[in-house]
Amino acid sequence: MTTNLINLSLSIEGMTCAACLLHVENALLEVPGIDSVSVNLATEKAVVSLSEQVNTEIIANSLKDAGYGARIETQKVVLSDKVDVDDAGKFIEQYLMIDGIRSASIEGNLLNIENYLGAVQNEDIRSIANSHGLDVIEFEKGFDPHALAKESESKELKQRSFVALLGAASVFAISMGMVDLSQFNIPENMHLFTQFFIATPIQFWAGMSFYRGALSAATHKTTNMNTLVSIGTLAAYGYSSVITFFPGILEARGDELSVYYDTSLIIISLILLGRFLESKARSNAASAINSLLKLQPKTAILVRDKNHIKVPIESIQPGNLILVKPGETIPTDGKILTGSSTVDESMLTGESMPVTKLKNSKVIGGTINLSGSFEFEATETGSSTVLSNIVKIVEDAQSSKPPIQLVADRIASYFVPTVIIVSLLTFLFWMIFGPQPALTNSVLNMITVLVIACPCALGLAAPTATMASTGTGAKHGILVRGFEALENARKASIAIFDKTGTLTKGAPVVNDVKLLGEWNHSEVIEKAATVEKYSEHPLGEAIVNYGKKNQIQSGEATNFLSTPGQGVSANIDGSEVMLGNELFFSNHDVTLDEYKAIGDVTYGDTKIYMAINKVPAGIIYISDEIKPSAKQAIEDLHKLGISTIMLTGDSEEAALHVAEVLGIDEVKANLSPKNKLDFIKELQLTGVSVLMVGDGINDGPALVQADVGIALGTGTDVAIESAGITLASNNLNGVISALKLSRKTIATIWQNFFWAFIYNILLIPIAAGVLYPIFSSGDLPSMLSWVLSEQGFLNPVLAAFAMAFSSVSVVTNSLRLTRFKP
């Protein structure tokens with residue numbers, strides 16, 4: 001099994017359908033050192049997993065050899081100092097030409113770089129500059145090559161579609177005698193040549209992208225969507241040209257002399273129009289990431305020696321002091337040192353209420369400062385910020401594929417060759433067994449089969465829905481790490497919750513302290529706070545805060561140990577101090593009789609036992625308020641048919657109290673992280689799909705083991721990294737929103753696949769002429785006359801219309817997910 005894989009993301013150009021997708025994957029997999037490849041048609045990205053270092057140029061060349069390309073971007077980097085001309089060449093050649101950079105040059109303090117899009121990060125360039133005593137002042141990005149290419153492509157598609165449609169209308173008008181050619185001094189018997197000379201330049205100019213794509217595919221011994229369109233339109237054009245220049249050949253056979261220049265142009269126009277609309281729809285589906293990227297401001301106000309300096313955001317480093325004024329966007333993540341304010345975090349968390357920020361409060365880059373001014377210390381910059389991590393999670397999720405998409409991609413790889421074979425068989429069948437004019441019917445039916453088949457819809461069915469879903473979820477504070485999380489969330493029948501920090505606010509307070517032995521109140525709290533200040537558990541924080549409130553100073557401890565879900569211990573002045581629950585003390589051979597002799601202070605309080613040198617010293621009673629959103633979330637889960645269970649390391653009394661208030665179905669208390677893990681495994685053995693919601697270190701194993709883990713964004717890094725879905729806020733209604741989004745997403749994907757498969761399964765046989773036996777007598781209902789000929793053959797123009805809009809319909813259906821409201 002390969003481990004320590006390195007992921008490389010590249011932007012791919014030249015893909016037009018699902019068949020292209022598999023060609024790209026196969027081309028990349030042939031490169032030694034590439035372990036796996038995931039290509040997404042909707043985002044036009046390839047994520048390559050490398051088992052060893054592979055030069056990006058080699059990967060780019062493999063794409064080029066297969067008829068595709070890796071997009072290139074250019075950027076200018078402003079350095080803090082000029083680089084001496086004599087040193088510039090050495091600096092570039094020996095240090096800057098890292099993998100992914102194609103070329104570089106230096107002019108004074110301006111560094112010009114050309115690199116493969118996605119292969120080189122700003123941090124790589126900054127690190128090189130810093131290692132040579134240079135600071136990066138600003139990254140001046142050129143135009144996004146992907147966005148620029150798509151914009152140019154969209155404009156070109158619209159222009160070519162319009163010109164082809166105009167040409168088709170002109171040719172059609174001439175063929176129907178609607179234009180008097182004599183007014184242009186053109187003899188009437190020259191109308192076929194007139195149509196030829198109008199259609200030819202338009203045919204090859206408007207359809208050039210199809211013909212180039214088909215030729216490239218043929219050169220590399222593959223086929224794709226362009227192959228089908230090219231064969232179909234060139235067949236119509238070629239057949240018409242033969243009639244125009246060599247009519248005697250067909251007259252001798254007794255075939256009718258009808259030309260189809262207009263049909264060929266209309267097919268080209270409609271397919272181009274379909275691609276244009278599809279491109280626009282895909283851009284809308286991808287707009288969520290773009291809107292997230294736009295949240296970060298371009299500049300920040302740096303405070304240096306009491307001076308305020310406006311600087312590019314790229315020049316901000318951890319430790320810098322930054323000023324934020326009312327109405328400004330917070331430039332990066334940090335901690336407030338002076339001042340206070342309210343901040344709108346809705347763009348990241350989905351929570352509409354502004355959040356109050358005081359001294360030592362954390363602020364997130366991309367959120368908006370509303371009322372006050374404050375100065376904060378930057379703690380995270382660049383790719384380490386919350387916003388950058390959110391964007392990465394969404395991009396990774398959009399690159400993931402469901403198993404059915406892998407099957408669809410495999411089908412698409414055989415689809416085009418199969419359609420070509422079917423079209424040839426159709427031509428032969430109607431030539432041999434068809435009615436007169438046999439050649440005309442055979443050619444038209446062959447063309448109809450070629451242009452109606454659509455592998456594009458197969459390739460877009462899941463990626464567009466996943467792209468729209470994950471992007472929309474991110475805007476509402478629901479971060480999905482991959483398709484598997486969406487699929488498993490939809491299947492979940494049992495929801496398991498941690499208690500502290502998940503169902504409760506995670507801001508517990510000490511209610512009371514009961515003493516045992518010879519220790520007094522101050523001594524107990526001093527030692528307890530000294531140990532707990534090394535812990536990040538909310539209960540430990542409550543004890544530390546209680547000590548501060550009572551002006552009891554904590555000391556220093558050594559040998560701190562934490563047993564997740566049970567308790568903590570440390571050495572203070574030669575004494576071993578332990579704090580934890582019953583399980584923790586039982587495992588350390590501390591008798592519980594003295595503790596149990598003291599009754600509860602308040603029903604539902606959490607009891608923290610304390611012992612010094614394994615001698616009982618007291619009980620600290622802590623309460624934690626239940627979250628306002630918890631009860632509604634549990635009720636909504638029950639309405640969705642999902643059972644609820646609470647697993648907690650807390651006492652049974654505290655757990656039962658919370659479960660009783662919230663209406664939770666089942667409670668398991670005094671559990672260690674391993675107990676939680678084993679409980680989930682036992683449930684899964686019964687065949688149920690388990691959803692786990694947690695926020696702490698001790699929830700990590702359970703979040704990984706569950707079929708889908710949901711971590712609260714206010715929780716620990718361990719919990720967030722372990723979960724398939726992360727909620728940016730601590731509002732438990734986000735769990736319901738995540739489940740509903742997953743169900744809508746999976747339903748949309750199945751709708752897309754149903755349409756994609758049914759469309760091809762039903763319409764290709766109709767295009768091949770399967771309805772002829774029904775309507776061969778000419779008894780065609782008038783309502784079908786605009787679709788079928790008198791003998792039941794499908795109109796090639798309508799076939800092109802159906803093909804063009806099949807993929808558009810799939811993307812449009814996926815776009816409905818962008819209207820999802822939590």
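Biologist: How many residues lie between β9 and β10 in their hairpin?

Modeller: Two residues separate the strands of that hairpin. Asp305 sits in the turn and has a positive phi of about 55°. Keep in mind that this is a predicted model.

Biologist: And how many bridges join β9 to β10?

Modeller: Six bridges, with the two strands running antiparallel. β9 covers residues 299-304, and β10 covers 307-312.

Biologist: Which residue in β10 is the bridge partner of Val303?

Modeller: His308 in β10 is the partner of Val303. Leu302 has its bridge partner in β10 too, namely Ile309.

Biologist: What sheet are β9 and β10 in, and in what order do its strands come?

Modeller: They belong to an open sheet of six strands, ordered β10-β9-β11-β17-β12-β15, and the pairing is antiparallel.

Biologist: Which are the edge strands there?

Modeller: β10 at 307-312 and β15 at 362-363. Each of the two pairs on one side only.

Biologist: What holds strands of a sheet together in general?

Modeller: Strands pair through backbone hydrogen bonds, in either a parallel or an antiparallel way.

Biologist: There is also an open sheet of three strands. What order does that one have?

Modeller: The order is β14-β13-β16, again with antiparallel pairing. β14 (355-357) and β16 (368-369) each have a single partner strand, so one side of each has no neighbour in the sheet.

Biologist: How many bridges join β13 to β16?

Modeller: Two bridges join them, and the strands run antiparallel. β13 spans residues 341-344. Val343 has Asn369 in β16 as its bridge partner.

Biologist: Now β6 and β7. What do they form?

Modeller: A hairpin with two residues between the strands. Gly108 is in the turn, with a positive phi of about 70°. Six bridges join β6 (residues 101-107) to β7 (residues 110-116), and these strands run antiparallel.

Biologist: Switching to helices. At what angle do α6 and α8 cross?

Modeller: They cross at roughly 155°, and their axes come within 10 Å. Angles over 145 degrees count as roughly antiparallel, so α6 is roughly antiparallel to α8. The crossing is left-handed.

Biologist: Where are those helices in the chain?

Modeller: α6 takes up residues 191-206 and α8 takes up residues 225-245.

Biologist: Which residues meet between α6 and α8?

Modeller: From α6 there are Leu192, Phe193, Phe196, Thr200, Gln203 and Phe204. From α8 there are Thr233, Leu234, Tyr237, Ser241, Ile243, Thr244 and Phe245. By class, that contact has eight nonpolar, five polar and no charged residues.

Biologist: How many aromatic pairs does the structure hold?

Modeller: It holds 20 aromatic pairs. One of the pairs is Phe196 with Phe245: their ring centres are 4.9 Å apart and the planes stand at 85°, so the pair is edge-to-face. Phe196 is in helix α6 and Phe245 is in helix α8, 49 residues apart, which links distant parts of the chain.

Biologist: What about α22 and α27, at what angle do they pack?

Modeller: The angle is about 30°, with the axes 8 Å apart. Angles under 35 degrees count as roughly parallel, so α22 is roughly parallel to α27. α22 covers residues 628-639, and α27 covers residues 733-768.

Biologist: Which residues meet there?

Modeller: Ser629, Gln632, Ala633, Asp636 and Leu637 of α22 meet Asn733, Ile736 and Leu739 of α27. By class, that contact has four nonpolar, three polar and one charged residues.

Biologist: Last topic, the backbone. Where is the loop that holds Pro437?

Modeller: It runs between α14 (403-433) and α15 (438-452). A cis peptide bond joins Gln436 to Pro437, with omega at about -5°.

Biologist: And what phi does Asn613 have?

Modeller: A positive phi of about 55°, although Asn613 is not a glycine. Asn613 is in the loop between β24 (606-612) and β25 (615-623).

Key
Residues numbered from 1 in each chain as written. Predicted model: local features only at pLDDT ≥ 70, side-chain atom pairs only at ≥ 80, totals over all residues. Heavy atoms only, no water. Pairing = 2+ DSSP bridges. Helix = DSSP H or I, 4+ residues; strand = E, 2+ residues; numbered from the N terminus. Axes fitted to C-alpha atoms, helices over the stretch in contact; angles between N-to-C directions. Parallel < 35°, antiparallel > 145°, perpendicular 65-115°, else oblique. Left-handed = near helix turned anticlockwise from the far one by under 90°. Contact = heavy atoms within 4.5 Å. Nonpolar A, V, L, I, M, F, W, Y, C, P; charged D, E, K, R; others polar. Phe/Tyr/Trp six-rings, centres within 6.5 Å; stacked < 30°, edge-to-face > 60°.
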